[in-house]
Amino acid sequence: MKGWEAGADEYLFKPFHPQELITRVRSILRTSEVSHRIEEDLRKAKDELEDTVEERTLDLARANRVLRAEIEERSRIEVTLRDSEERYRSLVETLPEVVVLLAVGDATILALNLPFEKKTGWPRTDWVGRHYSELVHSDDIESAHAAIQQASRGEWPARWGCSGELRRR
């Protein structure tokens, strides 16, 4: 027991047979070879894992750079878009003519500018969400509809014959 406690891997009691010694030495050598192969395999696996982690880290760093660039670009686009929207809003609000902004799909009124209120006396908020045809006189509805269809196809409609006079049905 003292030999095991002292750290011995193997030992023989005296007297021993020479063949037993040879067999035990061979067993220890095989165990040592297996242990060395396992250690070598573990070292190779560790090296491969470290290489894989390094590659993935580089991939993630590249992806991070791309994402940061995209975020910066989107931020620039958002600022440009806000500026453009502000210029558009300012232009529409300061035009002396009535401007009606319609939804593409169903032609409901999304917004009206201040001259609408000044020329009609109607609050703009009362008209937002309503269909444009409520603002168009029955004599003008066909040409208004044609102009809106043309605009929805991305074509610039010719003025649909409104004389500047707002007529309600």
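Trainee: Glu73 and Arg76 both sit in helix α2. How many residues apart are they, and what separation does that give along the helix?

Mentor: This is a predicted model. In it, Glu73 and Arg76 are three residues apart in helix α2, so about one helical turn separates them. Glu73 forms a salt bridge with Arg76. Their closest N and O atoms are 2.7 Å apart.

Trainee: Which side chain meets Lys46 in a salt bridge?

Mentor: That of Glu50, at 3.2 Å from N to O. Lys46 and Glu50 are four residues apart in helix α2, so they are separated by about one helical turn. Lys46 is partly exposed at 48%. Glu50 is partly exposed at 41%.

Trainee: What about Glu117 and Arg124?

Mentor: Their side chains meet in a salt bridge, 3.5 Å from N to O. Glu117 has a relative accessible area of 27%, which means partly exposed. Arg124 is at 22%. Buried means under 20%, so Arg124 counts as partly exposed. Salt bridges can also share partners: Glu40, Arg43 and Asp47 are joined into one network that way.

Trainee: How many salt bridges does a search of the whole structure find?

Mentor: It finds 11.

Trainee: Now pockets. How do I read one?

Mentor: Rolling a probe the size of a water molecule over the atoms shows where empty space is left. Here, the second largest pocket has a volume of about 180 Å³. Residues that line this pocket include Glu85, Tyr88, Arg89, Leu101 and Asn113.

Trainee: Which element gives the largest share of that lining?

Mentor: Helix α2, with five residues. Both α2 (18–94) and β2 (109–112) supply at least two residues each. Then sort the lining by class. There are six nonpolar, one polar and three charged residues.

Trainee: Which residues form a nonpolar patch on the surface?

Mentor: Phe16, Leu21, Val25 and Leu29. Together they have about 330 Å² of accessible area. Take Leu29, which is found in helix α2. Its relative accessible area is 49%, so Leu29 is partly exposed.

Trainee: Where does Val98 lie?

Mentor: In the loop between α2 and β1 (100–102). Val98 has 26% relative accessibility, so it counts as partly exposed. Now compare sequence with space. Val98 and Gln149 are 51 residues apart in sequence. In space they are 20 Å apart, C-alpha to C-alpha.

Conventions:
Residues numbered from 1 in each chain as written. Predicted model: local features only at pLDDT ≥ 70, side-chain atom pairs only at ≥ 80, totals over all residues. Heavy atoms only, no water. 1 Å grid on protein atoms, 1.4 Å probe; cavity = no way out; pocket = protein on both sides within 12 Å on 5 of 7 lines; lining within 4 Å. Points joined across faces, edges and corners; volume = space filled by probe spheres on them. Nonpolar A, V, L, I, M, F, W, Y, C, P; charged D, E, K, R; others polar. Patch = residues over 30% accessible without salt bridge, like charges linked within 9 Å, V, L, I, M, F, W, Y side chains within 5 Å. Areas by Shrake-Rupley, 256 points an atom, 1.4 Å probe, with all protein chains shown as cover. Salt bridge = Lys/Arg side-chain N within 4 Å of Asp/Glu carboxyl O. Buried < 20%, exposed > 50% of the residue type's maximum accessible area, 1.4 Å probe, protein only.
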